[in-house]
Amino acid sequence: TRAITLNHVSKTYPHNIHAVQDFSLDVTPGEFVVLLGPSGCGKSTVLRMIAGLEEITSGELLLDGEWANDRTPAERGMAMIFQSFALYPHMTNRDNIAFPLKLSGRRDEMDARVEATARMLGLQDQLDRYPGQISGGERQRVAMGRAMSRRPTAFLMDEPLSNLDAKLRNRLRTEISQITRELGVTTVYVTHDQAEAMSLGDRVAVIRDGVLQQVDDPRTTYARP
Ligand code: ADP
Ligand code: ADP
């Protein structure tokens, strides 16, 4: 699990769109940091620069203290989780979880890893069913299982709950919090929902118009009921 450091990072898209400006943030190993802000403020761009899916225009990204601007997404070894669960409907849950392992050619360890991941997520009985045959909560867990099976150095989550109804969202919020902390994996989580940010984050980084406004610790900033 990784320390992620952004030093004075900016991103300018073509036609002079300054999506992120002079953004600096230190995420310590195992920490859960939320990027909070309205749509279009640059949250996804920050996440995609950390993942290596978007080039950094200026500034630097350090992973465990080492300069990483030029590393490929694969070399960074992070798991992205998006709002659509994006499971393969024609594959069993087992094959969905195993898919990244097949891609990286780890056939030998694959079965054991899939079983261990399913056990951790309570999905043992769902492995031979298809995504369409399980609940929304279980589907999100399969998606996390697929992201976890490669043992990522960090989780990068982009509004993973935003397509769900309120009841499921609350339940999965708790699950995401528990699973990431159990694994002790560094997590950067993007949302526009303040309540979600406050309940999930060890720290909450508030972004507006591409600029980091403040970084709060919700446990000290806000009284808990
Ligand atoms: P958020 O995740 O907070 O909604 P984004 O990072 O997606 O914000 O977008 C930040 C700004 O950058 C927005 O103005 C958006 O229109 C612009 N933007 C995002 N992606 C691209 C792109 N590929 N090309 C050009 N502009 C983009
Ligand atoms: P969860 O706590 O994951 O949301 P639910 O309480 O919704 O689960 O569902 C309980 C059980 O019913 C699950 O184990 C699942 O196998 C089954 N189930 C739920 N929704 C569906 C569905 N849409 N299609 C098939 N089976 C489902």
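Trainee: Which residues surround ligand 1, and what makes them count as its surroundings?
Mentor: They are Tyr13, Ile17, Ala19, Pro38, Ser39, Gly40, Cys41, Gly42, Lys43, Ser44 and Thr45. Each counts because one of its heavy atoms lies within 4 Å of the ligand.

Trainee: What should I know about the model first?
Mentor: It is predicted: local features need pLDDT of at least 70, side-chain atom pairs count only at pLDDT 80 or more, and totals for chains, interfaces and linings use all residues. Residues are numbered from 1 along each chain as its sequence is written, chains are lettered from A and ligands numbered from 1 in the order in which they are written, and side-chain values use heavy atoms, with hydrogens and water left out.

Trainee: Why is the pair between ligand 1 and Gly40 called a polar contact?
Mentor: A polar contact is a pair of N or O atoms within 3.5 Å (within protein, one must be able to donate a hydrogen and the other to accept it, and residues adjacent in sequence count only if both atoms are side-chain atoms). An oxygen atom of ligand 1 is 2.7 Å from a polar backbone atom of Gly40. That pair therefore qualifies. With Lys43, an N or O atom in the side chain is 2.9 Å from a ligand oxygen. Taken alone, ligand 1 exposes 560 Å², and the protein buries 60% of that (Shrake-Rupley method, 1.4 Å probe; for residues, only the protein chains shown count as cover).

Trainee: Which element gives the most to the shell around ligand 1?
Mentor: α1 does, with three residues. β2 (17–27) and α1 (43–51) each supply at least two. Helices (H or I, at least four residues) and strands (E, at least two) are DSSP runs, numbered from the N terminus.

Trainee: How does the shell around ligand 1 divide by class?
Mentor: It has five nonpolar, five polar and one charged residues. Ala, Val, Leu, Ile, Met, Phe, Trp, Tyr, Cys and Pro count as nonpolar, Asp, Glu, Lys and Arg as charged, and the others, Gly among them, as polar.

Trainee: What makes α1 largely enclosed?
Mentor: Seven of its nine residues are buried, so the rest of the structure largely encloses α1. Lys43, Thr45, Val46, Leu47, Met49, Ile50 and Ala51 are the buried ones. Just after α1, Gly52 takes a positive phi of about 90 degrees.

Trainee: Why is Met144 called buried?
Mentor: Buried means under 20% relative accessible area, exposed over 50%, partly exposed in between (1.4 Å probe, protein chains only). Met144 is at 2%, so it counts as buried. Its place is in helix α5.

Trainee: How do you know that Arg129 is partly exposed?
Mentor: Arg129 has a relative accessible area of 35%, so it falls in the in-between class. Arg129 sits in the loop between α4 and α5. Met91 is 38 residues from Arg129 in sequence, and 8.7 Å from it in space, C-alpha to C-alpha.

Trainee: Which residues are around ligand 2?
Mentor: Arg129 is one of them, along with Gln126, Gln133, Ile134, Ser135, Gly137, Glu138, Arg141 and Arg171. By class, they divide into one nonpolar, four polar and four charged. Helix α5 (residues 136–148) gives the most, with three residues.

Trainee: What is the volume of the largest pocket, and what makes a pocket?
Mentor: The volume is about 560 Å³. A pocket is an open set of points on a 1 Å grid over the protein atoms alone, where a 1.4 Å probe fits, with protein on both sides within 12 Å along at least five of seven lines; lining residues have an atom within 4 Å of a point. Grid points are joined across faces, edges and corners, and the volume is the space filled by probe spheres set on them. Of the 24 lining residues, Met78, Ala79, Met80, Ala147 and Arg150 are the closest to the centre of the largest pocket. β6 gives the largest share of this lining, four residues. By class, the lining has 18 nonpolar, three polar and three charged residues.
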